[in-house]
Amino acid sequence: MLFSLGVTRLKYVAVHKRPFFASYSTSLWVRFLRFSLQSHKKLEGDLEKLGLTPPQFYVLATIGYAGRLPFGEIGAKMMVTVSNLTGIVDRLEDKKLVSRQRDAIDRRVVHVVLTDKGAKLYKSTIPQFERSVSEIFTTLDKPKQKELAGLLRKLNQESSTI
């Protein structure tokens, strides 16, 4: 069902018809969102086999790549709030994959660090993750993948100034 403009009654639309968007950019955004959700679902399934959720993997990958980081920096890199990050780190700590360390100079700052178990999981998970991501993009040849990467980089740069 769709709302008709300026009318409070619902208008029924046949199931086989797709909603029409007046703007091509809206259709493009819907396609992008659909691709994003489908690929996220695939990665979620692959990570579940490793006993990780996507946010847990992203924390492991962020720390594994950058090393010990304060909560705020991890949150900024993942684009999540520190309060959301706390629960993720709690669960990783329960699994003995990360530990919290207070900063020696500023005790208010808490760093998250991979444990030995976390470092081993990080090293073994990255190749599997890269294979999963590679499968998602197999329909595009390398030049198309590079073109898409450039377009997304441009969109990310532009959207950060909005």
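**Pocket and cavity in the predicted model**

With ten residues, α1 gives the largest share of the lining of the largest pocket. Helices here are DSSP runs (H or I, at least four residues), numbered from the N terminus. The model is a predicted one, where local features need pLDDT of at least 70 and side-chain atom pairs count only at pLDDT 80 or more, while totals for chains, interfaces and linings use all residues. Residues are numbered from 1 along each chain as its sequence is written, and side-chain values use heavy atoms, with hydrogens and water left out.

As for the pocket itself, its volume comes to about 1,100 Å³. Of its 25 lining residues, Phe32, Phe35, Ser36, Leu148 and Leu152 sit closest to the centre. A pocket is an open set of points on a 1 Å grid over the protein atoms alone, with protein on both sides within 12 Å along at least five of seven lines; lining residues have an atom within 4 Å of a point. Points are joined across faces, edges and corners, and the volume is the space filled by probe spheres set on them. At least two lining residues come from each of α1 (24-48), α5 (116-136) and α6 (142-159). By type, the pocket lining splits into 15 nonpolar (Ala, Val, Leu, Ile, Met, Phe, Trp, Tyr, Cys and Pro), seven polar (the others, Gly among them) and three charged (Asp, Glu, Lys and Arg) residues.

Then there is the cavity, a set of grid points where a 1.4 Å probe fits but cannot get out. Searching the whole structure turns up one of 30 Å³ or more. The largest cavity has a volume of about 40 Å³, and Leu43, Asp46, Leu47, Leu50, Gln128, Phe129 and Ser132 line it. α1 and α5 each supply at least two residues of this lining, which divides into four nonpolar, two polar and one charged.
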